[in-house]
Amino acid sequence: MITGLDHIAIAVPDLEKAIQRFVEDFGLTFKGKEDVEDALTSTAFFPVDKPSIELIHPLRGQGPVQKYLEKKGGGMHHLCFRSDDIEADVERLKAKGYQFLTEAPTIGAHNCRVIFIHPKSCDGVLVELNQPQ
Ligand code: CO
């Protein structure tokens with residue numbers, strides 16, 4: 001089942017500048033960066049008292065985040081919900097007609113298993129489910 005809101009991700013054209021802004025201007029604690037090779041994405045996390053804000057930036061100028069920035073220039077990218085049984089949630093949501101971007105979960109930031117629900121299934125919002133392992 002879904003157990004809570006895990007993080008909100010914002011695609012940013014300049015990751016270092018955005019990290020500085022979130023630390024210095026917004027006063028958040030920077031927990032570090034992580035490159036997610038499978039997603040061709042660099043991430044930076046700022047834990048708040050649940051959920052986190054995730055900054056995402058194209059890894060080596062490639063991948064889905066690069067395409068997003070070219071189209072929109074930055075902005076709110078996705079919401080992520082934590083799951084304690086991602087397979088069961090995927091199966092449950094597929095049965096309700098939700099479309100996913102991949103057939104099965106892949107490895108995301110923090111080594112979580114992740115899968116994305118197509119925005120057209122969620123009023124235009126890209127929604128991620130994740131499960132720590
Ligand atoms: Co995410």
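Predicted model: local features only at pLDDT ≥ 70, side-chain atom pairs only at ≥ 80, totals over all residues.
If you turn the model along its principal axes, the C-alpha atoms fill a box of roughly 45 × 30 × 25 Å.

Of the 133 residues, 40% count as buried. Contacts also reach across the sequence: among those with a separation of 6 or more, 53% are between residues 24 or more positions apart.

**Stop 1: the cobalt ion**

Which residues coordinate the ion? They are His7 and His78, each through NE2, and Glu54 and Glu128, each through OE, at 2.0 to 2.4 Å. Try the angle tool here: the four donor atoms subtend angles of 80 to 161°, which makes the arrangement irregular. For comparison, four tetrahedral donors would ideally have angles of 109.5 degrees.

Next, look at where the donors sit along the chain. Their spacing in sequence is H-x46-E-x23-H-x49-E. His7 lies in strand 1 (residues 2-11) and Glu128 in strand 8 (residues 126-131), so this pair ties together parts that are 121 residues apart in sequence. Are His7 and Glu128 buried or exposed? Both are buried.

**Stop 2: Thr43**

Select Thr43, which you will find in strand 3 (residues 41-47). Thr43 has a relative accessible area of 2%, so it counts as buried. Show what surrounds this residue: leaving aside residues up to four places away in sequence, Thr43 touches Gly32, Lys33, Glu34, Val36, Glu54, Leu55, Ile56 and Ala109.

**Stop 3: helix 3**

Select residues 86-95, which form helix 3, and colour Ile86, Asp89, Val90 and Leu93: these four are buried. Look down the helix axis and you will see the buried residues fall within an arc of 100°, so they line one face of the helix. Their cover includes strand 1, strand 5 (75-83), strand 7 and strand 8. Turn to the other side of helix 3 to find Glu91 and Ala95, which are exposed. Just after the helix comes Gly97, with a positive phi of about 100°.

**Stop 4**

Most residues other than glycine have a negative phi. The last two selections go the other way.

First select Arg60, in the loop between strand 4 (52-58) and helix 2 (64-72). Arg60 is not a glycine, yet its phi is positive, at about 55°. With 53% relative accessibility, Arg60 counts as exposed.

Then move to Asn111, in the loop between strand 6 (106-107) and strand 7 (113-117). What is the phi of Asn111? It is near 60°, again a positive value in a residue other than glycine. Asn111 has a relative accessible area of 43%, so it is partly exposed.

Notes:
Residues numbered from 1 in each chain as written. Heavy atoms only, no water. Donors = N, O, S within 2.8 Å, 3.2 Å for Na, K, Ca; no water. Tetrahedral: all angles 85-135°; square planar, octahedral: opposite > 155°, others 65-115°. Helix = DSSP H or I, 4+ residues; strand = E, 2+ residues; numbered from the N terminus. Buried < 20%, exposed > 50% of the residue type's maximum accessible area, 1.4 Å probe, protein only. Contact = heavy atoms within 4.5 Å. Arc of directions from axis to C-beta.
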